[in-house]
Amino acid sequence: MARAFDITTTSPTLRLDSSRRGEVAFTVTNSLGRPVRGRAVIVPEGTTPPGWFSIVDETERDFPRDGTHVFTVKTAVPASQAGGEHGFHLLVVDQANPDEHFAEGPPVSFRVPAPVIVAKKKIPWWIPAAAAAAVLIMVLVGVLVSRRGPAEEEGPGTGGSGPPVTEAPAQPPPPAPVLEFNGTSTYVDLGEPLALEITGPITLEAWIRPTSADTVQNIVARGYTATNASEEIALRVSGRYYQVGSYMTGKPYAFAYMTLPVQDLNRWVHVAGVYDGQKWKLYRNGELMSEVDQAGGGAYPLSARWAIGAKGGGGERFFKGRIRDVRIWSVARTQEQLEEGMKKPPDPSEEGLAGYWPMNEGSGRRVVDQSGNEAHGFIQGGKWMIPETAQDGGTPPPSPPPQQ
């Protein structure tokens, strides 16, 4: 993998002013030995919200051979934000080959001070005194009433006697079967069904249990060809990132990134990518983690297959771990809809549901689409597993009964 860019910064720390604003500059130098068009992306660290940051001027720029650009990142923290430590770094990619030619800048950290609390006015002395007197009167009345003798209360059983009746605790449901993706050959081929011919706004989501963050691993994707036109729509794990985005020859390229937390390995986590007509947005467990502009982008009309756990048609970008409850929508789902949908299966009549694969069959080679569009998938390699526990390191949602 060629080193695409050299990135330095004016300071590894950012100091916010009294209005909670600040800026820092990154110097980016083309190291590919040829002219290239590069795109800069801000990657927040941890739970730092992406909406705090913006890049001054264009995020995409033409670099001559050995050419340099300066990208200035501005930070604006809301006045209500609690104090704490935060950080981010700059990622720059080659538009023509973003998966192979990219570079990460040094991390920049900053501290958000605690909000200024305005002192409250003192309460006049007579208000708490009056309240205390009222409470005292209520206590005295209660004592007098209690001396009259309360009526005997009947307990459970005959005549109020006998021990209380207790019910046996509900047993948790048995673990649902899951499909194990081995990272080398397993994937689900979805083909090119009419229901998945989506252009513009789109939502991709799934519950995943990754066991590795190495290499590029597609969760659900359409296309990608390593030679000629490298075109793709993908929600994926790439190196130590979650990513979602799309690119097509002659069209705008954009991927939203967030650092994959180490604690996500070997645990169930919900990831989703939404293109709303202007931006790609990346969510983790219902929380917005990253966003990037892509006017006129989103789902492109690619001449390529869809797949779960690899590139369309298989062959590479294999996922390692487990995947469940995959959904593709032809509309941009809101954050509220994503949060609610994490807890239960979707209604097939919901607007824009193009495909829904619970992936809980437990046997056979077919993965049933329960959206009603019959975009069924077919397993290539892999094996069904019964987790040792219902949670299995996390809490995936309940799924509907399997359909064969």
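This is a predicted model: local features need pLDDT of at least 70, side-chain atom pairs count only at pLDDT 80 or more; totals for chains, interfaces and linings use all residues.
Trainee: What share of the contacts between residues at least 6 apart in sequence join residues at least 24 apart?

Mentor: That share is 68%.

Trainee: Let's talk sheets. What is the strand order in the open sheet of eight strands?

Mentor: The order reads S17-S16-S15-S14-S21-S12-S25-S24, and the pairing is antiparallel. Strand S17 (254-259) and S24 sit at the edges, each pairing on one side only.

Trainee: How many bridges join S16 to S17?

Mentor: Six, with strand S16 (residues 241-247) running antiparallel to S17.

Trainee: Which side chain has a polar atom 2.7 Å from the backbone oxygen of Tyr257?

Mentor: That would be Ser290. Ser290 belongs to strand S20 (residues 287-293).

Trainee: Why does Ser290 count as buried?

Mentor: Because its relative accessibility is 1%, and the cut-off for buried is under 20%. Beyond its neighbours within four places in sequence, Ser290 is in contact with Pro50, Ala256, Tyr257, Trp280, Lys281 and Leu282.

Trainee: How many salt bridges does the structure hold?

Mentor: It holds 18. One of them links distant parts of the chain, 60 residues apart: Arg34 is in the loop between strand S3 (21-30) and strand S4 (36-44), while Asp94 is in strand S8 (residues 84-94). Their side chains meet at 3.4 Å, N to O.

Trainee: Is Asp94 buried or exposed?

Mentor: Asp94 counts as buried, at 1% relative accessibility. Arg34 is partly exposed, at 34%.

Trainee: Which residues are linked in a network of salt bridges?

Mentor: Arg37, Arg39, Glu60 and Asp62. Within that group, the side chains of Arg37 and Glu60 meet at 3.3 Å, N to O. Arg37 lies in strand S4 and Glu60 in strand S6 (residues 60-63), so this pair ties together parts that are 23 residues apart in sequence. Arg37 is partly exposed, with a relative accessible area of 34%, whereas Glu60 is buried at 19%.

Trainee: New topic: Asp369. Where is it?

Mentor: Asp369 is in the loop between strand S24 (366-367) and strand S25 (377-380). It is buried yet has no salt bridge.

Trainee: Which side chain of opposite charge is nearest to Asp369?

Mentor: Arg366, 10.0 Å away. Still, a polar atom of the Asp369 side chain lies 2.8 Å from the backbone nitrogen of Ala375.

Trainee: What else does Asp369 touch?

Mentor: Not counting residues up to four places away in sequence, its contacts are Ala354, Gly355, Tyr356, Trp357, Glu374, Ala375 and His376.

Trainee: And how many residues of strand S23 (residues 353-357) are buried?

Mentor: Five of its five, so to speak a mostly covered strand. S23 pairs with strand S22 (residues 320-329) in the antiparallel sense over four bridges. Tyr356, in S23, is the bridge partner of Arg327.

Definitions and conventions. Residues are numbered from 1 along each chain as its sequence is written. Side-chain values use heavy atoms; hydrogens and water are left out. Helices (H or I, at least four residues) and strands (E, at least two) are DSSP runs, numbered from the N terminus. Buried means under 20% relative accessible area, exposed over 50%, partly exposed in between (1.4 Å probe, protein chains only). Lys and Arg count as positive and Asp and Glu as negative; His and the chain ends are not counted. A salt bridge is a side-chain nitrogen of Lys or Arg within 4 Å of a carboxyl oxygen of Asp or Glu. A polar contact is a pair of N or O atoms within 3.5 Å; within protein, one must be able to donate a hydrogen and the other to accept it, and residues adjacent in sequence count only if both atoms are side-chain atoms. Contact means heavy atoms within 4.5 Å. Two strands pair if DSSP finds at least two bridges between them.
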